[in-house]
Structure formats: C-alpha cells, structure tokens
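Try each task before reading its solution.

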Amino acid sequence: MNLIIQSTLKTLQKSQILLGNLSNAQLCDASVSPYYSSIGCHIRHILDFYDCILNAKDGKVDLTARSRNKAVECDCGCAQDYLSDILGSLNLITFNMEEAVLVTDDLGLGKTEIPYTYGALLAQANSHTIHHYAIINYIFDSLGIVINDSDFGYNPTTPKQILEE
C-alpha cells in the first residue's frame, strides 16, 4: 500500500478512537470560545475534505462542494458511518498518486483552480486533518475531555521534547 494512503489511514484512525469515546453531547458542544465550533464540526469538515477527493470526476476535485451533513456533527454513530465509508474508499483507491488532478478551492478571493497530483492532494488532506485535530485538542482541554494520545493534534515533524514539556 502507498505510504501516503498508509499515513492517511493512520491519522484517520484517531477519529475512530475519538468517536468511540465521545457522547453525542460532547461531539456537538459548541461552547468553547473564541470560535464556538464543535468537535463534530471539525470531524465533519475533515471527512468532507476526503469525500471531495474520493469523488473526483474527470481528473477534477472541487473542495468547495462539500456535503456538510449536519447529522455528522451531532451524532457519533452517523460520524462513525461517514468515517467508515471514507476509510473503506481510501483502502480501495486505484488512482496513480503521480497523476495530475485539477483542484477547485476558495483561498479567500473566490474560487480558483490549482494543479495538483493526487499524492500531493492526499498529503495536504492528511496535514489538514492533523491541523483540525490540534483545534479539537484545544476544545478537549476546555471541556475537560482527556484522551490518552500524546501525539493527537501534533504534526509528526514536531520535535518530541516539545510534546513532553
């Protein structure tokens, strides 16, 4: 299996553990300032990103065409089902990681098309997931939720001594 896919699956497995240990009330709690976003909102956003990639058509991916299923944000079971679908699809990927793909995104000034490779796009999705895990970690801290994963929300290149401080 491709290293990018293996890394992505490893990163997303943290979502499985998280969803298996949260209540629906914790998943949708949007009481933490300053953004008042919920853990579920971040999980849904992560999965929507992958869903866009996995639904590429004719070598094009539109990252602005996310499904935004609100049920994923409030129901751990629904989120787990969505995650399982994404993981299953990632395990069956057949496209060439070096193949070009045209990505539509909005970088703040309207939609634009950006040339990528599938490998680069999936690597970005993995980093994007870790970034959202870091935000989720702040929400955990504010809500008093403890998870037993000292690497959760940290980029793999973060020096270990920083994690231990």
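**Exercise 1. Find which residues lie nearest the centre of the largest pocket, and which helix gives the largest share of its lining.**

Solution. Keep in mind that this is a predicted model. Start with the lining, which is made of 13 residues. Nearest the centre of the pocket are Asn137, Tyr138, Phe140, Asp141 and Tyr154. Next, sort the lining by class: nine residues are nonpolar, two are polar and two are charged. Helix H6 supplies the largest share, with five residues. The space in this pocket comes to about 320 Å³.

**Exercise 2. Work out how H3 is oriented relative to H6.**

Solution. Helix H3 spans residues 39-54 and packs against H6 at an angle of about 175°, the axes being 9 Å apart. Angles over 145 degrees count as roughly antiparallel, so H3 is roughly antiparallel to H6. Their contact involves 14 nonpolar and seven polar residues, and no charged ones.

**Exercise 3. Decide whether Lys70 is buried or exposed.**

Solution. First locate Lys70: it sits in helix H4, residues 70-74. Its relative accessibility is 56%, and because exposed means over 50%, Lys70 counts as exposed. Finally, look along the chain to Cys28, 42 residues away from Lys70; their C-alpha atoms are separated by 9.9 Å.

Definitions and conventions: Residues are numbered from 1 along each chain as its sequence is written. This is a predicted model: local features need pLDDT of at least 70, side-chain atom pairs count only at pLDDT 80 or more; totals for chains, interfaces and linings use all residues. Side-chain values use heavy atoms; hydrogens and water are left out. Axes are lines fitted to C-alpha atoms, for helices over the stretch in contact, and angles run from 0 to 180 degrees between N-to-C directions. Helices (H or I, at least four residues) and strands (E, at least two) are DSSP runs, numbered from the N terminus. Angles under 35 degrees count as roughly parallel, over 145 as roughly antiparallel, 65 to 115 as roughly perpendicular and the rest as oblique. Ala, Val, Leu, Ile, Met, Phe, Trp, Tyr, Cys and Pro count as nonpolar, Asp, Glu, Lys and Arg as charged, and the others, Gly among them, as polar. On a 1 Å grid over the protein atoms alone, a cavity is a set of points where a 1.4 Å probe fits but cannot get out, and a pocket is an open set with protein on both sides within 12 Å along at least five of seven lines; lining residues have an atom within 4 Å of a point. Grid points are joined across faces, edges and corners, and a volume is the space filled by probe spheres set on the points. Buried means under 20% relative accessible area, exposed over 50%, partly exposed in between (1.4 Å probe, protein chains only).
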